[in-house]
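Thanks for making time this morning; I would like to walk through one structure and stay with the side chains and how they pair. Please have the sequence and the coordinates open while I talk.

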Amino acid sequence: MNSETKLYTQGLEKYPKTTIIFGNLLMIVWIILGTIACRFLCSLAAWLYLAFAIIMVYIVLRKLICTDCCYYDKWCPIGWSKLSALFFKKGSVKKFGTNIGVKLAPFTYGVLSLIPLIFIIASMFQKFTISKLIVLVLLLVISFYSGGIGRKKSCAKCKMRLICPGCAVKPPSDA
Ligand code: SF4
């Protein structure tokens, strides 16, 4: 059996535009809040965080992951396969499970989640303000939603869920 035949056939051919728009808005808000959180302690760190987020999320991971995804040039859960197809050539779905981008993604999102939390908490020890508390709470809410409920909802209907190492839901019983 090759990887093509392991696609989850009941998965969506394309995701609704509302899901894609919501996912992108959430990601943009998350990156902005992360940058603000770093800025509370150090302006340079904020710029480095913003640059890292943009380069990794919108360029490096799109090249490494989306080119080998079955949704390449289609409306995937967050629409980034369309973005990838604008700049990069199609790869092979067979390589998806072992490609370096799939291993790099948890590291990238881990850094993007943890660094702002460390910076904002450190800045709160220097000087506590309500605005810092609001940014911290929003960051935690978005992180938990994106990494939990939101991700599970996307993965459950994804054609890649049987071969994706990052899938957040268990394989269906009929797989
Ligand atoms: S299974 Fe989940 S993590 Fe993997 S490609 Fe699909 S939506 Fe993304």
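This is a predicted model: local features need pLDDT of at least 70, side-chain atom pairs count only at pLDDT 80 or more; totals for chains, interfaces and linings use all residues.

Lysine 74 is partly exposed, because its relative accessible area is 36%, where buried means under 20%, exposed over 50% and partly exposed in between, with a 1.4 Å probe and protein chains only. Residues are numbered from 1 along each chain as its sequence is written, and side-chain values use heavy atoms, with hydrogens and water left out.

Back to lysine 74, then. Its side chain meets that of glutamate 13 in a salt bridge, at 4.0 Å from N to O, the term being used for a side-chain nitrogen of Lys or Arg within 4 Å of a carboxyl oxygen of Asp or Glu. Lysine 74 sits in the loop between helix 2 and helix 3 and glutamate 13 in the segment before helix 1 (17-39), so this pair ties together parts that are 61 residues apart in sequence. Helices here are DSSP runs of H or I with at least four residues, numbered from the N terminus.

Glutamate 13 counts as partly exposed at 48% relative accessibility, whereas lysine 159, at 10%, counts as buried.

The structure holds three salt bridges, and one of them joins the side chains of aspartate 73 and lysine 82, at 3.8 Å from N to O. Aspartate 73 lies in the loop between helix 2 and helix 3, and for those of you who look at backbone angles, this residue has a positive phi of about 65 degrees although it is not a glycine. Both partners count as partly exposed, aspartate 73 with a relative accessible area of 40% and lysine 82 at 27% relative accessibility.

Let me turn to the aromatic rings. Rings of Phe, Tyr and Trp (the six-membered ring in the case of Trp) pair if their centres lie within 6.5 Å, and planes under 30 degrees apart count as stacked, over 60 as edge-to-face and the rest as tilted. By this rule the count comes to five aromatic pairs. In one of them, tyrosine 58 and tryptophan 80 have ring centres 5.7 Å apart and planes at 70 degrees, so the pair is edge-to-face. Tyrosine 58 belongs to helix 2 (residues 43-64) and tryptophan 80 to helix 3, so the pair ties together parts that are 22 residues apart in sequence. Tyrosine 58 is partly exposed, with a relative accessible area of 23%, while tryptophan 80 is buried, with 7%.

Phenylalanine 87 and phenylalanine 88 form an aromatic pair as well, a tilted one, with 6.4 Å centre to centre and 55 degrees between the planes. Phenylalanine 87 counts as exposed at 60% relative accessibility, and phenylalanine 88 as partly exposed at 21%.

If we leave out residues up to four places away in sequence, asparagine 99 touches Leu64, Ile65 and Asp68, where contact means heavy atoms within 4.5 Å. With aspartate 68 there is also a polar contact between the two side chains, at 3.3 Å; that term covers a pair of N or O atoms within 3.5 Å, where within protein one must be able to donate a hydrogen and the other to accept it, and residues adjacent in sequence count only if both atoms are side-chain atoms.

Finally, a word on helix 5 (residues 130-156), where leucine 133 lies. Leucine 133 counts as partly exposed at 33% relative accessibility.

Note on methods: Helices (H or I, at least four residues) and strands (E, at least two) are DSSP runs, numbered from the N terminus.
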